[in-house]
Amino acid sequence: MSSTNHHPARLVKLLVALCICWYLGGVARAAERPNIVFFLIDDLGWTDVSFMGSKYYETPHVDRLASQGMVFRSAYANAPNCAPSRACLMSGQYTPRHGIYTVGDSKRGNAPFRKIEPIKNTTTLADRFVTIGEALQASGYTTATMGKWHLGKDPTSQGFDVNIAGREWGSPSGGGYHSPYKYPNLVTETKGEYLTDRLGQEACQFIETNKDKPFFLYLTHYAVHTPIQAKQELVAKYKAKDPVGGHKNAAYAAMVESMDDSIGAVLGKLDSLKLTDNTIVIFFSDNGGHGGVTSNAPLRGSKGMLYEGGIREPLVIKWPGITQAGSQSDEPVIGVDLYPTLLEATGSAKPKDYLLDGKSLVPLLKDASSNLDRPALFWHFPAYLQGYTARHGPFRTTPAGAIRMGDWKLIEYFENNTLELYNLKQDLGEKKNLAQAMPEKTQELHQALLTWRKQVKAPVPTEKNPRYDPNARFQGKRKKP
């Protein structure tokens, strides 16, 4: 018989010590759970930051973040405009599952030019969807959204403890970016304050207040969405610069710099509080750049299109101790991937019986040379968006869907079942439609797209528009896209 069994008190002490060690170990593990700072920029194009190639816009703080983390060069938004992209981020699901396909009415543009009736749009993310905020709340995180929400009236009912300036609005209300303005929990009556600066200050205050517990900060700037309003001293700076590569709008450039300064302030706060080494930082955009104010070259198209210029985005993820500084990945990734990524990175449970369409990026964050072993990415946009430049004609896009499979991308337009096929490795600018020249590859991607639509019950518009007029004449001057 062991000596321990001869001394019951000693056994009790041993068990108590083991329990204390287990408890303290659990507390330590909880304290080490990473914080999350997620910067989501509105309408920022693929090359609208210096680290992605702009020689005109200046983004030193985001560039530093990119040099410290992993840059994804084939990252995509789930939609070519704001609300559906954000709904996918928050829900972790593709657009056909939540029905938020576009911003506002899906019947955009003049009725005589619409050949078919688009699918009716939903504008509020329903309560049945478990947002990433709710999932992290349940895991013990304090959560905050600051800036644009665009998915309903009150994000505190959908997983956020703190809401600053978030409502159903898609762009700055009232006076725009300059005070006075009135937002939820952000009222400034005096003139002179700049909204982008103030949101950064609020974010810093949230971090200060919650520095001793795990937090999720979703800093979702209204910038650089229209209206194009900037601080005049910065506008003057860019007016003195020569345009480069289609980037030439001084006011827009000034908005980009203010966005970057706000990010710099938040990163500086993490540094000063010694939280940097335990904070995952994400930088992303919700759709491509606005073609009226910036250039998405070498990509084709802009915000509101399923061409690369409308959906390919700058993405940086920095996870100290996991991501290698200055690393890059060319693996195609998409907005719905960020939900499962954050669950895995924080050790948070997936909501019970809840479907997630994305894949965790953690394997890529650990090893940029790995892949996700995923067949394809998908888009479903059964809505119209009117054109905003002469070259668009009546519409930027008519109802459409798309698939990216490896280096190949196919777009299907529902008005007349037109198919366009591109090899993105050889033709990043989508200049050469290969659908006719490569019927087998076209059929392969189209069949995969049809199969996916059936799986997710994606509604395809087929009803004819009784107001369509084939003799209607568009008054704008057409140019090649």
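Is Arg198 buried or exposed? The legends below concern a predicted model, and the third of the close-up views returns to this residue.

**Close-up 1. Asp42 and Arg86 form a salt bridge.** The closest N and O atoms of the two residues are 3.8 Å apart. This pair links distant parts of the chain, 44 residues apart. Asp42 belongs to the loop between strand 1 (35-41) and helix 2 (60-68), whereas Arg86 belongs to helix 3 (residues 82-91). Both Asp42 and Arg86 are buried.

**Close-up 2. Arg86 also forms a salt bridge with Asp286.** Here the closest N and O atoms are 3.1 Å apart. Asp286 is buried, as is Arg86. A network of salt bridges links Asp42, Arg86, Lys148 and Asp286.

**Close-up 3. Glu193 is paired with Arg198 in a salt bridge.** Between these two residues, the closest N and O atoms are 3.1 Å apart. Arg198 has a relative accessible area of 17%, and it is therefore buried, the cut-off for this class being under 20%. Glu193 counts as partly exposed because its relative accessibility is 21%.

**Context for the close-up views.** The structure holds 22 salt bridges, including the one between Glu193 and Arg198. In general, side chains of opposite charge can pair when their charged atoms come close.

How values were computed:
Residues are numbered from 1 along each chain as its sequence is written. This is a predicted model: local features need pLDDT of at least 70, side-chain atom pairs count only at pLDDT 80 or more; totals for chains, interfaces and linings use all residues. Side-chain values use heavy atoms; hydrogens and water are left out. A salt bridge is a side-chain nitrogen of Lys or Arg within 4 Å of a carboxyl oxygen of Asp or Glu. Helices (H or I, at least four residues) and strands (E, at least two) are DSSP runs, numbered from the N terminus. Buried means under 20% relative accessible area, exposed over 50%, partly exposed in between (1.4 Å probe, protein chains only).
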